[in-house]
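I opened my notebook on a new model today. Here is what I looked up, in the order I looked.

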Amino acid sequence: MSFKTRVRFAPSPTGSLHIGGAHTALFNWLYARHTGGTFVLRIEDTDKERSTAEYEQSIMDGMRWMGLDWDEGPDKPGEFGPYRQSERMDSYTKYANRLLDAGLAYKDDGAVLFKVPTGKLVTFDDEVYGHIEVLSENASVNQDGTIKDIVILKRDGMPTYNYAVVIDDCTMNINMVIRGEDHIINTPKQLLIYQALGFEAPKFAHLPMILGKDKKKLSKRQGATSVFEYNDLGYLPDGVFNFLALLGWSPKNGQEIFTREEAIKNFDLSSVTKKPAVLDMDKLNHINQEQMKIMDPYKLLEIIKPFWKDLGFDISSYSDDYLAFSLQTMGGRGQTTLQLAEYSDYFISFDAVKERYKADDINEEHRPVLKKFYGELLNAPDFTPEALEAFTKSWVETNESSMKEVALPLRWALTGRKVSPGVFEVAAQLGRDECRRRLAYYDLV
RNA sequence: GGUCCCAUCGUCCAGAGGCCUAGGACACCGCCCUUUCAAGGCGGCGACACGAGUUCGAAUCUCGUUGGGACCGCCA
């Protein structure tokens, strides 16, 4: 018997895709891909006031940015569509009538309410949290503790969340519901509706919350809002992906830096943790850096290009080969794409160097020595890092100089920075002519 | 207040009764390499919330306490 997994990510288009939503979407995606199942994107736009088409678009763009593709959704018709709740009104009224006819629901002020039964023990076995049971009269209560019947159709005719999810998950054949832990408390209410309708409930897997530094639930105001902000801050989709995957989960083999393929292969719902996780930007930085290291240099280049442009650099005269190798030469320095773009600016702009470095630290007594050395260095037969370094080492020895004395000023003249990759690697990448130009500008050759 | 959930280094995770004088990663600190570190190497600091049980033996099981979180909308 073949059983195909069907999971869904069901955001409401009342805001962009934020980090918590991305986390939930990611785990659904991982589960679907790991099991070879189907990942459905359903838009829960029953709040007519706050839902917008722009947010819906933004959420989808955010998911695409993260590399989370869905198999069925508003833009990808499938046999269980439509995929916006606002377009599924027929089923909501149909089942509401069924409940009404059975005497399990009633109308009040134009709304339809589901009558919460008493004395029933509602239980379910969460894939992450284990066995959970709640007395039906405790499933939905007012602030004062009295039973509160569940509104299923609002006065405006739209279904409420707890009702629409049940109808949709059921009619869309969703068999595994993976969502945030904040919904664990809603599950008994939904289960009551499943039972009243005679539906078979899906399995549930709740995910631990992601908390801010203050250990409070991440709100729209707190921390970054949309995942796109992470892009602007310099984070790779792969970095955010890897980082988020590690919040509440870790592969059995202990690997921390992994590709999407590895994550899919190793993903396992049973090893998801229950404890809420605090978002740690330091860790994100580190993972992002590691992801930049293993990323294909030409792909990384395409991501870096816009940052260089934003920084005001014109890179049109450089080949992709030169640019990509320049990034390679950076040797893993920089934690974000933004930093990488900044740190590597001397490969694409001498103006940036000139702005930073005025050569006023050059001791005039030493200038002749430097000129002599750089003059010879520029004429080195082989302009490779190894050859340049070997040449320099022997030169400082025979001329009673030191590496520090000649290499440090060279770094300053070439990069305008105190810190850089090995200066001979930088020189080789810049090329003989460019090195000559820069040294000449500072009157060092 | 009520209901539900959670509880291992500052943070993220390992740990599913003896392998734990609790392991890894990030951060932090120190050392090393080197022409520099924003790269690399090595090391250090640092936790089982508390109390009762159960057991020959508990971070792991049970109960309680404490602490934290979520939810209590005709929002989702």
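This is a predicted model: local features need pLDDT of at least 70, side-chain atom pairs count only at pLDDT 80 or more; totals for chains, interfaces and linings use all residues.

Then I checked the overall dimensions. The radius of gyration of chain A is 30 Å, whereas a compact globule of 445 residues would come out near 22 Å. Along the principal axes, the C-alpha atoms fill a box of roughly 100 × 45 × 40 Å.

For secondary structure, I noted 19 helices and 11 strands in chain A. I also looked at contacts between residues at least 6 apart in sequence: 72% of these join residues at least 24 apart.

Is Thr24 buried or exposed? Thr24 sits in helix 1, which runs over residues 19–35. Its relative accessible area is 13%, and because the cut-off for buried is under 20%, I put Thr24 down as buried. Beyond its neighbours within four places in sequence, Thr24 touches Phe9, Ile178, Arg179, Gly180 and Leu207.

My last stop was the second largest pocket, which holds about 260 Å³ of space. Its lining includes Phe3, Lys4 and Arg6, along with Asp169, Cys170, Asn173, Ile174 and Asn175. Glu200, Ala201, Pro202 and Lys203 also line this pocket. By type, I have the lining residues down as five nonpolar, two polar and five charged.

How values were computed. Residues are numbered from 1 along each chain as its sequence is written. Chains are lettered from A and ligands numbered from 1 in the order in which they are written. Side-chain values use heavy atoms; hydrogens and water are left out. On a 1 Å grid over the protein atoms alone, a cavity is a set of points where a 1.4 Å probe fits but cannot get out, and a pocket is an open set with protein on both sides within 12 Å along at least five of seven lines; lining residues have an atom within 4 Å of a point. Grid points are joined across faces, edges and corners, and a volume is the space filled by probe spheres set on the points. Ala, Val, Leu, Ile, Met, Phe, Trp, Tyr, Cys and Pro count as nonpolar, Asp, Glu, Lys and Arg as charged, and the others, Gly among them, as polar. Helices (H or I, at least four residues) and strands (E, at least two) are DSSP runs, numbered from the N terminus. The radius of gyration is taken over C-alpha atoms; the globule rule is 2.2 Å times the number of residues to the power 0.38. Contact means heavy atoms within 4.5 Å. Buried means under 20% relative accessible area, exposed over 50%, partly exposed in between (1.4 Å probe, protein chains only).
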